[in-house]
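Keep the sequence and the 3D view open while you read.

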Amino acid sequence: MGTGYMPPMRSPSVVVIGAGMTGILLAIKLREAGITQVHVFEKADRLGGTWRENTYPGVACDIPAHMYTYSFEPNPEWSHRFAHGDEIQAYFERVGRKYGVTGSIHFSEAVTRCVYDAGKWAVTTSRGRQVIADFVINSTGILHHPAKPDIKGIETFKGAMFHTAEWDHSVNLDGKRVGIIGTGSTAAQVIPEVAKVAGKLSVFQRTPQWLLPLGNTDVSEREKDRLRRNPAKLQRLRKFYMWGISQLLTKAVTGHKAQNALFSAICKLNLRFSVRDPELRRKLTPDYKVGCKRIIVNTTFYPAIQRDNVELVTDGIEAITENGIRTRDGREHALDVLILSTGFNPVAYMRPMDVVGRDGLHINDAWKDKIRTYRSLCMPGFPNNFLMLGPNSPIGNYSVIAMSEVQCGYILKLIERWRRGEFDAVEVTESAVQRFAQYVKAGMGKTVWVGGCQSWYLDGDGDPILWPYTWERWEQEMAEPEMADFTTTRFDAVPSPSVPMESTMA
Ligand code: NAP
């Protein structure tokens with residue numbers, strides 16, 4: 001560190017909401033930037049987000065594990081190519097401890113309300129605490145509101161019933177008659193595990209899915225040792241996977257014909273050669289393009305669905321009854337346990353938290369007609385407030401960790417300007433949001449998501465909530481905030497605690 005005089009930097013107070021993958025990242029990076037007044041609030045009693053919540057049998061990440069890490073904390077210890085959920089949870093807990101952020105997280109304390117006034121956010125928590133912050137960053141995740149199906153009679157079922165994200169480990173499935181509603185990414189992981197122990201498993205499929213057969217191989221002790229001793233090799237492996245997914249899978253879903261043809265052929269051949277019975281194969285054949293719904297990376301679902309104790313039910317569900325499910329063909333499927341693998345409400349984002357921006361604008365009113373953000377990160381009317389992994393940030397099957405790091409860097413650059421005293425409040429302009437919406441929409445026509453299927457990728461208007469272009473374009477466009485897209489304000493009366501730059505960088 002240099003010893004020359006540097007002008008004092010203001011030190012902001014920052015509230016981070018949520019201690020999942022993005023909240024941990026922010027806590028680490030804010031601290032590294034010398035920002036010490038950081039409150040991280042977490043509603044649960046442990047960090048980990050998705051990986052804390054989802055404990056269903058078979059839970060794993062279908063992004064290669066060596067890529068599913070923070071860039072600054074590669075992990076040579078992964079036991080499998082696709083890591084199991086508990087191993088990923090352990091990774092985040094270890095990172096939290098290593099970087100000294102776990103101890104400072106306010107656990108079991110949810111943020112209930114954030115109200116903005118003249119450059120400051122008043123943040124209220126479930127414990128009645130109030131914190132005044134210069135910045136609020138919503139690290140509340142995307143898929144964290146379980147969607148329970150609105151099926152007639154659901155409340156009458158007498159057996160055990162739970163959503164996959166709220167797995168009830170006290171329910172013993174051994175020998176039981178189990179029903180699973182849904183055949184998405186989660187179900188494809190759960191079904192093979194439940195099939196191993198259930199007496200009879202009935203899988204209620206509304207829409208079939210395309211499956212990409214990438215098996216989950218072990219990482220040998222020898223390989224782990226090589227990766228431990230050779231960090232450059234570990235980084236190369238991470239980059240190799242990032243390259244592979246961005247050049248092949250991401251491009252396959254964002255309008256690149258050759259890549260889409262490749263994955264279409266693989267998925268179709270996978271179904272053809274994995275499922276022998278033509279009638280079952282017909283039921284499992286989607287009528288939409290590969291990638292329209294999220295491509296499921298899996299080699300265990302097709303063998304499981306062909307087991308003697310498993311039945312694929314494709315007649316629509318008419319009602320849930322006291323004893324099971326009645327399908328539209330009039331059949332009663334008797335069940336002891338009903339598992340809802342019915343996905344999430346992805347468009348809630350930080351809600352139901354009360355967020356009240358400039359001039360009393362409530363987030364529910366701001367998003368009444370359409371959820372709109374600028375670069376998925378910020379909203380007009382909500383100065384100094386950011387949203388991690390907001391709309392149009394997921395890129396089909398790419399690692400959300402890589403995206404979060406880019407978003408985190410972008411936010412830190414804006415906060416850096418605040419620290420230098422350029423403004424007290426920064427707010428994206430309405431016209432920038434409109435331009436961004438048009439820009440995103442212009443790319444959507446080429447993607448497979450608008451290829452005639454229903455999925456959580458689409459909002460209420462049928463517009464995809466994903467990023468329609470390449471990963472490289474995302475990284476490039478997010479490298480530096482375009483200040484012309486923001487209005488900035490100074491409030492003379494705002495007290496700005498200042499600390500010498502030297503001490504913040506200690
Ligand atoms: P999902 O992909 O949204 O699938 C929900 C399933 O439930 C679909 O098969 C859907 O059928 C069905 N369903 C919903 N409501 C229904 C109803 N009323 N009646 C009958 N069927 C109904 O949810 P998910 O499987 O939990 O996956 C969500 C996302 O989580 C994934 O896309 C992925 O991004 C993430 N995830 C990732 C991994 C990983 O390994 N990285 C693992 C699990 C999940 P329709 O298709 O007909 O709507």
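Which cysteines form a disulfide, and how far apart are their sulfur atoms? Cys-292 and Cys-453 do, with sulfur atoms 2.1 Å apart. This is a predicted model: local features need pLDDT of at least 70, side-chain atom pairs count only at pLDDT 80 or more, and totals for chains, interfaces and linings use all residues. Residues are numbered from 1 along each chain as its sequence is written, and side-chain values use heavy atoms, with hydrogens and water left out.

**Overall build**

- The chain holds 14 helices and 23 strands. Helices (H or I, at least four residues) and strands (E, at least two) are DSSP runs, numbered from the N terminus.
- The radius of gyration is 24 Å, close to the 23 Å that the globule rule gives for 506 residues, so the chain is as compact as a globular protein of that length. The radius is taken over C-alpha atoms, and the rule is 2.2 Å times the number of residues to the power 0.38.
- Along the principal axes, the C-alpha atoms fill a box of roughly 75 × 50 × 45 Å.
- Of the 506 residues, 54% are buried. Buried means under 20% relative accessible area, exposed over 50%, and partly exposed in between (1.4 Å probe, protein chains only).
- Take contacts between residues at least 6 apart in sequence: 72% of them join residues at least 24 apart. A contact means heavy atoms within 4.5 Å.

**Surface and charge**

- The chain exposes about 21,700 Å², and carbon and sulfur atoms supply 52% of it. Areas come from the Shrake-Rupley method with a 1.4 Å probe; for residues, only the protein chains shown count as cover.
- There are 61 positive and 55 negative charges, and their mean positions are 5 Å apart. Lys and Arg count as positive and Asp and Glu as negative; His and the chain ends are not counted. Each charge is placed at NZ of Lys, CZ of Arg, CG of Asp or CD of Glu.

**Cysteines**

- A search of the whole structure finds 1 disulfide. The cut-off is a pair of cysteine sulfur atoms within 2.5 Å.
- The link of Cys-292 and Cys-453 is left-handed, with -105 degrees about the S-S bond.
- Cys-292 sits in the loop between helix H8 (278-283) and strand E13 (296-297), and Cys-453 in the loop between helix H12 (430-444) and helix H13 (471-477), so the pair ties together parts 161 residues apart in sequence.
- Both Cys-292 and Cys-453 are buried.
- Cys-114 is buried, at 0% relative accessibility.
- Cys-378 is in no disulfide; its nearest cysteine sulfur, in Cys-408, is 14 Å away. Cys-378 is also buried, with a relative accessible area of 4%.

**Buried sites and their contacts**

- Arg-52 lies in helix H2 (residues 50-53). At 9% relative accessibility, Arg-52 counts as buried.
- Ala-60 is in the loop between H2 and helix H3 (85-98). Ala-60 is buried at 15% relative accessibility. From C-alpha to C-alpha, Ala-60 and Thr-186 are 9.0 Å apart in space, yet 126 residues apart in sequence.
- Thr-250 belongs to helix H6 (residues 231-253). Its relative accessibility is 0%, which counts as buried. Thr-250 and Asn-397 are 147 residues apart in sequence and 6.7 Å apart, C-alpha to C-alpha.

**Backbone details**

- The peptide bond from Arg-351 to Pro-352 is cis, with omega near 20 degrees. Pro-352 lies in the loop between strand E18 (337-340) and strand E19 (354-356).
- Tyr-349 is in the loop between E18 and E19. Tyr-349 has a positive phi, near 50 degrees, though it is a residue other than glycine. At 1% relative accessibility, Tyr-349 is buried.
- Ser-108 is not a glycine, but has a positive phi of about 50 degrees. Ser-108 sits in the loop between strand E4 (105-106) and strand E5 (111-117). It is partly exposed, with a relative accessible area of 33%.
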